Amino acid sequence: MSVAEYAVVDTPIGPFTAVVDGEGAVLASGWTTDAENLRRLIHPTLRPDELRQRDSLGAVTAAVRDYHAGDVTVIDAVPVRQLSGPFLVHAWEVLRKVQPGNPITYTTFADHSGRPDAVRAAANACARNAAALFIPCHRVLRTDGTLGGFRWGLPVKDWLLTHEGSRLG
């Protein structure tokens with residue numbers, strides 16, 4: 001039986017929960033207190049059978065606090081573990097390179113992911129991202145610069161972009 005740990009952190013935009021594996025890599029995260037919902041987002045081969053709540057996840061919890069307090073690059077060093085097909089895994093790696101304050105469009109994201117005509121596939125990579133914040137899909141905008149979708153709500157996405165100094169729309 002596999003067990004993962006999770007912790008909830010209060011942030012200016014609501015509670016944030018991260019689920020980590022035994023090595024401390026983020027498996028899923030988002031602005032929620034529902035760890036079980038996050039567990040269901042994890043790829044079946046990585047999905048833990050059980051969740052154990054902790055007060056803190058050490059470096060992961062510190063990174064969440066520090067990010068929301070203004071250190072918007074601290075999330076870059078946090079390890080993330082997600083699985084899917086080769087394109088999605090590659091697209092998530094590309095997302096980790098999108099710098100705060102420099103959002104890109106879905107079209108640019110598709111191009112950077114090596115499939116310039118696959119804008120819907122790029123959008124799907126954002127939609128299927130279980131590790132919100134650490135894989136910063138919030139930094140991808142519609143072609144016209146507007147927000148587009150976000151699992152945790154457009155007000156959260158807007159706050160994150162404003163916090164990073166990059167609100168364009």
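A residue is called buried when its relative accessible area is under 20%, exposed when over 50%, and partly exposed in between, with a 1.4 Å probe and protein chains only. By that definition, buried residues make up 48% of the 169 residues in the chain.

Two remarks on the source. This is a predicted model, in which local features need pLDDT of at least 70 and side-chain atom pairs count only at pLDDT 80 or more, whereas totals for chains, interfaces and linings use all residues. Residues are numbered from 1 along each chain as its sequence is written, and side-chain values use heavy atoms, with hydrogens and water left out.

Let me begin with the fold. The chain has six helices and six strands, where helices (H or I, at least four residues) and strands (E, at least two) are DSSP runs numbered from the N terminus. Read from the N terminus, the order of elements is β-β-β-α-β-α-α-β-α-α-β-α. The radius of gyration, taken over C-alpha atoms, is 15 Å, close to the 15 Å from the globule rule for 169 residues (2.2 Å times the number of residues to the power 0.38), so the chain is as compact as a globular protein of that length. Along the principal axes, the C-alpha atoms fill a box of roughly 45 × 35 × 25 Å.

A contact here means heavy atoms within 4.5 Å. Of the contacts in the chain with a separation of 6 or more, 56% join residues 24 or more positions apart. The chain exposes about 7900 Å², and carbon and sulfur atoms supply 49% of that area, as computed by the Shrake-Rupley method with a 1.4 Å probe.

I turn now to the interior. A nonpolar core is a set of buried Ala, Val, Leu, Ile, Met, Phe, Trp, Tyr and Cys residues joined through side-chain atoms within 4.5 Å. The largest such core has 53 residues, and those with the most contacts inside it are Val19, Trp31, Val60, Leu95, Phe109, Phe134 and Leu160. Helix α3 (residues 86–95) gives the most to this core, with six residues.

Beyond its neighbours within four places in sequence, Phe134 is in contact with Phe16, Val26, Ser29, Val60, Val64, Ile75, Val78, Val80 and Arg96.

Next, helix α2 (residues 59–69), which contains Thr61. Thr61 counts as buried, at 2% relative accessibility. A polar atom of the Thr61 side chain lies 2.7 Å from the backbone nitrogen of Leu57. Leaving out residues up to four places away in sequence, Thr61 touches Ala7, Val9 and Ser56.

His68 also belongs to helix α2. His68 is buried, with a relative accessible area of 8%. Its contacts beyond four places in sequence are Thr11, Pro12, Ile13, Trp31, Leu133, Trp159 and His163.

Asp76, in the loop between α2 and α3, is partly exposed at 34% relative accessible area. Asp76 and Lys97 are 21 residues apart in sequence and 8.5 Å apart in space, C-alpha to C-alpha. Asn124, in helix α5 (residues 119–127), is partly exposed at 33%.

Notes:
A polar contact is a pair of N or O atoms within 3.5 Å; within protein, one must be able to donate a hydrogen and the other to accept it, and residues adjacent in sequence count only if both atoms are side-chain atoms.
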